[in-house]
Amino acid sequence: MPSDAQTILTVCMIAAGVLAVMHLFASRIRNETLIHDLKIEVANLRNEYTRQLRILYGEDQEGGDIEIIDESGAPPEALPMADSQDQGASGEPAAAEAA
């Protein structure tokens, strides 16, 4: 039969284990919350940057050649070029002159 000291020690060890598991869960939840908040901040910054690019290049708020990067963070295929660079000397698109 265990003595009182052994019983108290066992109970303390069990309590310490429960507290350690609770701390683990609390840390995991805190980290997930921080990651979520950072993702929201990144999305807001990307939207603000896109808005500033549209203002800089004179594009309207609804359309334009600027691509919005999706949640995966993949960069767009290519940056949009100004319309004047795509046109030949006659003002027609370069592809039409070759035809």
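Me: Why is Glu32 called partly exposed?

Reply: This is a predicted model. Glu32 has a relative accessible area of 39%. Buried requires under 20% and exposed over 50%, so Glu32, at 39%, is partly exposed.

Me: What makes Glu32 and Arg28 a salt bridge?

Reply: The closest N and O atoms of Glu32 and Arg28 are 3.6 Å apart. The cut-off is 4 Å between a side-chain nitrogen of Lys or Arg and a carboxyl oxygen of Asp or Glu; therefore the pair qualifies as a salt bridge. Both residues lie in helix α1, 4 residues apart, about one turn of the helix.

Me: Why is Arg28 called exposed?

Reply: Its relative accessibility is 55%. Exposed means over 50%, so Arg28 counts as exposed.

Me: How do you know that Arg51 forms a salt bridge with Glu48?

Reply: The closest N and O atoms of Arg51 and Glu48 are 2.5 Å apart. The limit is 4 Å, and therefore this pair is a salt bridge. Arg51 and Glu48 are 3 residues apart in helix α1. A search of the whole structure finds 2 salt bridges.

Me: What makes Thr50 count as buried?

Reply: Thr50, which lies in helix α1, has 9% relative accessibility. Buried means under 20%, so Thr50 is buried.

Me: Why is the approach of the Thr50 side chain to the backbone oxygen of Arg46 called a polar contact?

Reply: A polar atom of the Thr50 side chain lies 2.9 Å from that oxygen. The cut-off is 3.5 Å, so the distance is within the limit for a polar contact.

Note on methods: Residues numbered from 1 in each chain as written. Predicted model: local features only at pLDDT ≥ 70, side-chain atom pairs only at ≥ 80, totals over all residues. Heavy atoms only, no water. Helix = DSSP H or I, 4+ residues; strand = E, 2+ residues; numbered from the N terminus. Buried < 20%, exposed > 50% of the residue type's maximum accessible area, 1.4 Å probe, protein only. Polar contact = N/O pair within 3.5 Å; in protein donor to acceptor, adjacent residues only side chain to side chain.
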